[in-house]
Amino acid sequence: MEEALVNDVLNQALVNVNGDNVQTLNILLMLTLISLLPSIIIMMTSFARTVIVLSFLRNAMGLQQTPPNMVLTGIAIFLTLFIMSPVIDEINETAYQPFLREEITQQEAIELGGIPLKKFMLKQTETKPLNMFLDFSNTPRPENDALTELPMSIVIPSFITSELGRAFWMGFLLYIPFLLIDIVVASTLMSMGMIMLPPAMISMPFKLLMFIILDGWGLLFDTLFKSFNL
């Protein structure tokens, strides 16, 4: 009888240890997901394209730290909130509010909340990168083009690839007018024999003047907003 009691105590101890280990692993997994959550959200919204285009604009104008990185990031965050507001409202109505009312489970809320976000990403995703990742994963294309059935592991990298392509293309277009100003100023200085005078020092005021006169910030924000398929 004593031996049976000892065995019961040992078995219960092993169960408790295993339970503690499982709970610890769950906590570590949750902390890891929380630490990666900002990066994941940034890669699933309009933030990446916005901040890259703003960085291209600063480099095209020849400005090193003006506006500062913190200002550019803040502008990108609030533009992202403005662009993503319809998606956020839909997630709130279809997933978050029903979850608060305990009408759906947490897993159902996550699945329902991912549908509007997936639709947004698929609207911005080009066919070529999407087909590329479908081929890489040996995943057949859904019937009737029901792309919302695709897993996030395919939609997210396809979306990021398309966003990088569009952002770099917009950056190239931003460089052209400022590059023309640099060429004109450099040619003028060379024809006047002012070889030792840095062209960037002379062209900078003209770049700023052109940007201000043409309402550069308004044009840039308008172009960014219209570049998204909402």
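Modeller: Happy to! The second largest pocket has a volume of about 290 Å³. A pocket here is found on a 1 Å grid over the protein atoms alone, as an open set of points where a 1.4 Å probe fits, with protein on both sides within 12 Å along at least five of seven lines; lining residues have an atom within 4 Å of a point. Grid points are joined across faces, edges and corners, and the volume is the space filled by probe spheres set on the points.

This is a predicted model, so local features need pLDDT of at least 70 and side-chain atom pairs pLDDT 80 or more, while totals for chains, interfaces and linings use all residues. Numbering runs from 1 along each chain as its sequence is written, and side-chain values use heavy atoms, with hydrogens and water left out.

Back at the second largest pocket, 14 residues form the lining, and Leu174, Phe211, Gly216, Leu219 and Leu220 lie nearest its centre. Two or more lining residues come from each of H2, H7, helix H8 (199-213) and helix H9 (216-226); helices are DSSP runs of H or I, at least four residues, numbered from the N terminus. H7 gives the most, with 5 residues. By class, the lining has 12 nonpolar, 2 polar and no charged residues (Ala, Val, Leu, Ile, Met, Phe, Trp, Tyr, Cys and Pro count as nonpolar, Asp, Glu, Lys and Arg as charged, the others, Gly among them, as polar).

In the loop between H8 and H9 you will find Asp215. Its phi is near 55°, a positive value in a residue other than glycine. Most residues other than glycine have a negative phi. Asp215 is partly exposed, with a relative accessible area of 48% (buried means under 20%, exposed over 50%, partly exposed in between, with a 1.4 Å probe and protein chains only).

H2 (residues 47-60) also holds Arg49, which counts as buried because its relative accessibility is 0%. The Arg49 side chain makes polar contacts with the side chains of Glu163, at 2.4 Å, and Ser227, at 2.8 Å (a pair of N or O atoms within 3.5 Å; within protein, one must be able to donate a hydrogen and the other to accept it, and residues adjacent in sequence count only if both atoms are side-chain atoms). Beyond its neighbours within four places in sequence, Arg49 is in contact (heavy atoms within 4.5 Å) with residues including Gln124, Arg166, Met170 and Phe228.
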